[in-house]
Amino acid sequence: MKYVDPLSATSLYIELYFNDVKISTATAFVLKYDEKYYLITNWHVVAGRDADTRECLDKKHCSIPNKLLVSFHKKGELGQWLEKEIQLLDEDGTPLWIEHPLSNLIDVIAIPIIETDEIDFFPIDFSLKDTDMAPLVAMPVSIIGYPLGLSIGGKWPIWKTGHIASDHDLDFVKDKPAFLIDATTRASMSGSPVVMRADSFQRLNGNYAIAAGVNTRFLGVYAGRISRDSEIGRVWKPFLISEIIEQKLIFNEETGRLAPTRNSNCPCGSQSKFKNCCGSVA
């Protein structure tokens with residue numbers, strides 16, 4: 001019997017369209033959060049704009065995608081795919097995706113997807129972000145996506161290997177929770193999940209472990225290279241997905257965010273007091 005790595009089923013091939021004109025391809029993956037399924041990818045992928053400058057990525061026509069075509073796994077037929085169209089904008093041009101409270105400053109979005117009898121979902125295990133493995137500089141990581149739109153055996157993704165290129169706990173830019181990797185990634189890998197795998201590793205407390213098998217830690221969402229002339233790319237940290245779905249900034253040890261006083265303006269930019277916004281207690 002053939003073996004397919006479970007994480008290979010997580011990444012999905014997506015095509016971006018403006019009406020019937022194909023603009024580009026990219027990568028997304030499914031995540032289950034509070035019993036609901038979401039498609040996770042980058043802001044720049046669905047917006048068609050650079051997340052830092054908001055300039056059009058399509059330099060020739062400045063086409064902005066209004067729908068995407070996702071190759072989902074066909075129900076009960078692993079190795080077969082079913083293309084499903086997802087609208088990105090409503091009739092007024094309002095985005096239908098969920099973006100971070102800080103908008104395009106965080107280059108990650110979520111799209112709610114509804115269960116159907118036609119599709120099998122293979123969501124990434126979100127708890128893998130908490131695996132007791134220290135992501136140290138120079139350690140190898142895997143980016144699971146579709147370089148140059150390539151796939152194998154239909155729409156199975158390709159695993160590219162790189163190395164952690166910056167200290168994981170330091171934001172590569174102030175207030176942008178991402179770290180850097182050094183990898184020969186290519187176009188269409190934006191939106192790929194990034195994981196670290198090892199059978200021997202350092203735990204978060206500094207002790208070393210030799211596991212009975214391979215351990216996996218989910219490190220975040222790949223968002224492309226920082227420039228065309230560099231192999232250095234960004235990986236946005238997993239807690240940002242929680243902030244996107246919950247629509248509030250989270251202040252704890254994991255995020256490293258420091259909570260302001262309750263009567264201060266909320267850091268998310270809503271102009272509301274912190275106690276009435278991200279600092280509210282349900």
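Let's start with strand S13 (residues 208-225) and strand S14 (residues 232-236), which pair in the antiparallel sense over three bridges. Within that pairing, Val-221 has Trp-236 of S14 as its bridge partner. A word on terms: strands are DSSP runs of E with at least two residues, numbered from the N terminus, and two of them pair if DSSP finds at least two bridges between them.

Keep in mind that this is a predicted model, where local features need pLDDT of at least 70, side-chain atom pairs count only at pLDDT 80 or more, and totals for chains, interfaces and linings use all residues. Residues are numbered from 1 along each chain as its sequence is written, and side-chain values use heavy atoms, with hydrogens and water left out.

Now over to S4 (residues 67-74). Seven of its eight residues are buried, so S4 is largely enclosed by the rest of the structure. Buried here means under 20% relative accessible area, using a 1.4 Å probe and protein chains only.

Who pairs with S4? Strand S1 (residues 11-18) runs antiparallel to S4, joined by four bridges. With strand S5 (residues 81-87), S4 pairs in the antiparallel sense over seven bridges. Strand S8 (residues 119-120) is also antiparallel to S4, with two bridges.

Lys-74 has Ile-119 of S8 as its bridge partner. S4 and S5 form a hairpin with six residues between them, and in the turn Gly-76 has a positive phi of about 75 degrees.

## A closer look at Ser-11

Ser-11 sits in strand S1. Is this residue buried or exposed? Ser-11 counts as buried because its relative accessibility is 2%.

The Ser-11 side chain reaches the backbone oxygen of Ile-144 at 2.8 Å, a polar contact (a pair of N or O atoms within 3.5 Å; within protein, one must be able to donate a hydrogen and the other to accept it, and residues adjacent in sequence count only if both atoms are side-chain atoms). Leaving aside residues up to four places away in sequence, Ser-11 touches Thr-27, Ala-28, Phe-29, Ile-144, Tyr-146, Pro-157 and Pro-193, where contact means heavy atoms within 4.5 Å.

Definitions and conventions:
Buried < 20%, exposed > 50% of the residue type's maximum accessible area, 1.4 Å probe, protein only.
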